[in-house]
Structures are given as C-alpha cells and as structure tokens.
Amino acid sequence: MESNDTNKTPHRIRQSPDELMAAEVWIFDLDNTLYPAASKLFDQVDWNMTRFVGELLNLEQIEARKLQKQYFREYGTTMRGLMTCHDVDPKEFMDYVHDIDLAPISANPILTEALAKLPGRKVIYTNGTTTHAENITQHLQIDHHFEGCFDIIDAEYVPKPATGPYETFCVRFDIDPKTAIMVEDMARNLLPAAALGMTTVWLDTDVDWARYGSEHGHVHHRTVDIATWLNDVVTGVQPVSYTHLRAH
C-alpha cells in the first residue's frame, strides 16, 4: 500500500504549505535567485565575460558580445565554450568575471527570516563558483543558512541543465530527489530536477532567455518574488503560484 508520508510518495508534486514545509532539502540557484535580477548585479558578470572574450581574441565589443552569447547558447555557459574552442583556463576566467561590485544588492529581511524558519537542509547549486557564492551570501548575511555549495568545478565544468551533474550533486549531498525542492531563475535548469523527482520552483525574473522552456510541465510553482513566496510557505499561507500536475 502506498504510504501517506509526503516525503516517501514517489514523484509527488508538493503544493500546500504543509507539503512544502515537509521537504528535507531545499536547493537554491545563486545568481538572480538569492538576490533580485532587477539589481543588475549579474550584468556586471555578463559584461566581464564580454570583455574577457574581447581581450582574449582581440575583438571589438560588438563582436565579442556576439561570440559570447553564441557560446552561451551552444555550450550552456560562455566559459564552457571558451574551454572547448580556445582551451581557456576556467579558474582564470572565473576569477576575472566574478570581480564585481556588490553594492547594488543588500540583505533582504523577508528572505533572511524565511530562510531561518524554513526547516530542512539548504544547499546552493550554481553554474558559478563556491567563492562567488560565498561572497554573495556573506554580503547578504545569509551564508549561515546553507550547509554547502555545489559549483561548476564540482560539476567538472559541465553546466546546468546537463543531467549528470544533478545526479552527482544528489550523491555528494546525500539527497533523495523526491524529498527535495529546487528553486531556479532559469526554467530549463529545472527540467533535470523534475525528472529526478524534485518539486520545482521557477523564479520568473522577466528575462526572456531565462523563460525558455517555462511552458513545460517540469515547472511546478512560479513566483516573481522568492522572498515573499517563501514567507508564505513558512507562515502557512498558500503561496501565489501556478502548478502543472502532470506526472514526471
């Protein structure tokens, strides 16, 4: 007989606050997720990528920008494209692009309080680096809420949404996907999470390229404000979102 325990029900999409609060693990993306995309903080990283490409290949800004975006589309990250096509040292690239000013973002009391009240383990899974994640979360004063970070180096430089690193991530942090919830701003990055049995939360930042794939059934919840959405969950209010109830 099937168990009524939410955590043990295979491929169950968690919908109510009680079901969401019963999750054992919360997985958060970093950039444009734990801080607002409207801050334009990631724009600094993005333009640093363009400058890196321009300096590396002696290209004018327009051509460097075009090539950077081509690599992003074809390889999942600009870095992966540069590694594949130009044998770029990933550490050199990441150190360069993450040299940014954090002044545009600040601690969000609603997010901080929600994370404190949210039961379960909390982990970051990012296409960036752990160092970058630590800099951001320390600046936001939320670093103590997370037990660890799985970054692009841990993924052997294979970016989301490739499936293999998701499986490695789950093994590394001893996660049963059916007990986990993943929060992401890029809808396509939630596809492997849903396929593994996670409940997914898409943070719609009104960025066109981040919306790619959002119409499919692997997006279970949608929000435009992750702090408010989490606050609703921890206070027992049905979060404002939409759900797709298709089986994975």
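Okay, let's start in the sheet: Ile-124 has Cys-149, in S3, as its bridge partner. Next to that pair, Tyr-125 is bridged to Phe-150, again in S3. Before I go on, the housekeeping. This is a predicted model, so to speak of local features we need pLDDT of at least 70, side-chain atom pairs count only at pLDDT 80 or more, and totals for chains, interfaces and linings use all residues. Residues are numbered from 1 along each chain as its sequence is written, and side-chain values use heavy atoms, with hydrogens and water left out.

Back to the strands. When I say strand or helix, I mean a DSSP run, numbered from the N terminus: E and at least two residues for strands, H or I and at least four for helices. Two strands pair if DSSP finds at least two bridges between them.

Now zoom out. What is the strand order of the open sheet? It goes S3-S2-S1-S4-S5-S6, 6 strands with parallel pairing. At the edges sit S3 (148–150) and S6 (221–223), each pairing on one side only. Neighbouring strands are turned by 25 degrees against each other on average, direction ignored. For angles like that, axes are lines fitted to C-alpha atoms, for helices over the stretch in contact, and the angles run from 0 to 180 degrees between N-to-C directions.

Buried here is under 20% relative accessible area, exposed is over 50%, and partly exposed is in between, with a 1.4 Å probe and protein chains only. S2 also belongs to a right-handed β-α-β unit, together with helix H7 (residues 130–139) and S3. Right-handed means that, with the strands pointing away from the viewer, the path from the first strand over the helix to the second runs clockwise.

On to charges. How many salt bridges does the structure hold? There are 13, each defined as a side-chain nitrogen of Lys or Arg within 4 Å of a carboxyl oxygen of Asp or Glu. One of them joins the side chains of Arg-121 and Glu-147, at 2.9 Å, N to O. That one links distant parts of the chain, 26 residues apart: Arg-121 is in strand S2, and Glu-147 is in the loop between H7 and S3. Arg-121 is partly exposed at 28%, and so is Glu-147 at 45%. There's also a network, with salt bridges that share partners joining Asp-204, Asp-206, Arg-211 and Arg-222.

Others sit within a helix. Glu-63 and Lys-66 form a salt bridge with closest N and O atoms 3.7 Å apart. These two are 3 residues apart in helix H3 (residues 61–75), so about one helical turn separates them. Glu-113 and Lys-117 pair up with closest N and O atoms 2.9 Å apart. Both lie in helix H6 (residues 109–117), 4 residues apart, again about one turn.

H6 brings me to helix packing. The axes of H6 and helix H10 (residues 226–234) come within 9 Å and cross at roughly 35 degrees. The crossing is left-handed, meaning the near helix is turned anticlockwise from the far one by less than a right angle, whereas clockwise would be right-handed. Who meets whom in this pair? From H6 we have Ile-110, Leu-111, Ala-114, Leu-115 and Lys-117, and from H10 Ala-227, Thr-228, Leu-230, Asn-231 and Val-234. Contact is heavy atoms within 4.5 Å.

Thr-223 lies in strand S6 and is buried, at 6% relative accessible area. Leaving out residues up to four places away in sequence, Thr-223 touches Val-201, Trp-202, Leu-203, Asp-204 and Trp-229. Pro-161 lies in the loop between S3 and helix H8 (163–172), and at 29% relative accessibility counts as partly exposed.
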